[in-house]
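Please look over the model below before reading on.

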Amino acid sequence: MERHKLDLATEYCNGILRNYPMWPSTFGPCRDMCGNSGRGSGLCADCSEKELAKVVGYSLANEYHLSIQNTTRLWREIYDKLDE
Ligand SMILES: [Zn+2]
């Protein structure tokens, strides 16, 4: 496995994850000026996915992004459930 690609994949996977915080966080214009917001004005989730796709292909990158969205939604539901 090429080390450089592993580093890039890790960076962009973390970039996606970073944009789905469990708690309120600060968002600003995406670093790539795509029109979306990114956490801390870093890369937004969509741009992180696009960069990840350049390393691992669209299908895997998109599936990873959807999985993070789904996991975050479930965690919020779990917290809401515990808060009832
Ligand atoms: Zn962006």
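In which loop is the place of Met33? Met33 sits in the loop between strand 1 (27-29) and strand 2 (37-39). The model is a predicted one.

**Loop residues with positive phi**

- Met33 is not a glycine, yet has a positive phi of about 55°.
- Met33 counts as exposed because it has 8 C-beta neighbours inside 10 Å, and a residue is exposed at 12 or fewer.
- Ser41 is found in the loop between strand 2 and helix 2 (45-56).
- Ser41 also has a positive phi, of about 60°, although it is not a glycine.
- Ser41 has 13 C-beta neighbours inside 10 Å, so it counts as partly exposed.

**Helix 1: length**

- Helix 1 is made of 16 residues, 3-18.
- From its first C-alpha to its last, helix 1 reaches 22 Å, close to the 22 Å expected at 1.5 Å a residue.

- The buried residues in helix 1 include Ala9, Tyr12, Gly15 and Ile16.
- These residues lie on the same side of helix 1, because they cover an arc of only 125° around the axis.
- An α-helix has 3.6 residues a turn, so residues three or four places apart point the same way.
- Helix 2 and helix 3 (58-83) are among the elements that cover the buried residues of helix 1.
- Arg3, Leu6, Asp7, Thr10 and Asn14 are exposed residues on the face of helix 1 turned away from its buried side.

Note on methods:
Residues are numbered from 1 along each chain as its sequence is written. This is a predicted model: local features need pLDDT of at least 70, side-chain atom pairs count only at pLDDT 80 or more; totals for chains, interfaces and linings use all residues. Helices (H or I, at least four residues) and strands (E, at least two) are DSSP runs, numbered from the N terminus. A residue is buried if 20 or more other C-beta atoms lie within 10 Å of its own, exposed if 12 or fewer, and partly exposed in between; C-beta atoms are placed from the backbone. The expected span of a helix is 1.5 Å times one less than its number of residues. The arc is that of the directions from the helix axis to the C-beta atoms. Two residues are in contact if their C-beta atoms, placed from the backbone, lie within 7 Å.
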